[in-house]
Every structure is written in C-alpha cells, then in structure tokens.
Amino acid sequence: MKMGIIVRGLMILISPSCRSLDTTSLKTLGERIREKRKALDWTQEELAGYAEIDRSYIGGVERGERNLTFTVLCQICSAMRCDVAELTKGVPPLP
C-alpha cells in the first residue's frame, strides 16, 4: 500500500519500504545513542541536561520514535563528546 502527501499541489507517493527504512535507521541510531549514554554511566535525565534537551525527547530518540534534526543530533554528540560519524556510520544501510 502506497501512502501519499500533497505538497504544493503535487502528490508525492511514499512507498512502505521507505517508511520502514526510516524506522530502522532511527531505531539503530537510538540504540547507538543509548549504548553510548550507558557507557558513560549517565541517565536519560543527565544526557538531556548536558544536551539541553527535554528528557522525554531523549527517551523518544532512544526508542527510534523521534526523527531528530541534525542540530539536535549535534547537541547530543557534543554532550557525549563523540563525533556524529561515530553514531551514524552505516545508517542508513546501503542496499
């Protein structure tokens, strides 16, 4: 089943495979953030404080429910003192 959205009068179709790829990528990224946070022995609340992001947002990111912006990803990486590439290598997976 294809889903579509209308953007300025044009119908843009979104295939189910694209949606699952996004979900998979977000879950992978969230798992990596959680692993890094736990390696630092931080709670979600501590990471949120250091990154200046709401704690519930961090929880959503770690569960792969949030499509975070590059700016937010940079805030998280800066707080954890890691490179963006460290968390995003291989995301999304190449066909």
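This tour visits a pair of helices and then some salt bridges.

Before you start, note that the model is predicted: local features need pLDDT of at least 70 and side-chain atom pairs count only at pLDDT 80 or more, while totals for chains, interfaces and linings use all residues. Residues are numbered from 1 along each chain as its sequence is written, and side-chain values use heavy atoms, with hydrogens and water left out.

**Stop 1: two crossing helices.** Select residues 44-51, helix H2, and residues 55-62, helix H3; their axes come within 8 Å and cross at roughly 110 degrees. Helices here are DSSP runs (H or I, at least four residues), numbered from the N terminus. Axes are lines fitted to C-alpha atoms over the stretch in contact, with angles from 0 to 180 degrees between N-to-C directions. Now show the side chains: Gln44, Glu45, Leu47 and Ala48 in H2 meet Arg55, Ile58, Gly59 and Glu62 in H3, where contact means heavy atoms within 4.5 Å.

**Stop 2: salt bridges.** The structure holds 4 of them, each a side-chain nitrogen of Lys or Arg within 4 Å of a carboxyl oxygen of Asp or Glu. Select Lys36 and Glu86, whose N to O distance is 3.6 Å. Lys36 sits in helix H1 (residues 16-39) and Glu86 in helix H5 (residues 84-88), so this pair ties together parts 50 residues apart in sequence.

Next, pick Arg37 and Glu62, whose closest N and O atoms are 2.6 Å apart. Arg37 belongs to H1 and Glu62 to H3, so parts 25 residues apart in sequence are tied together.
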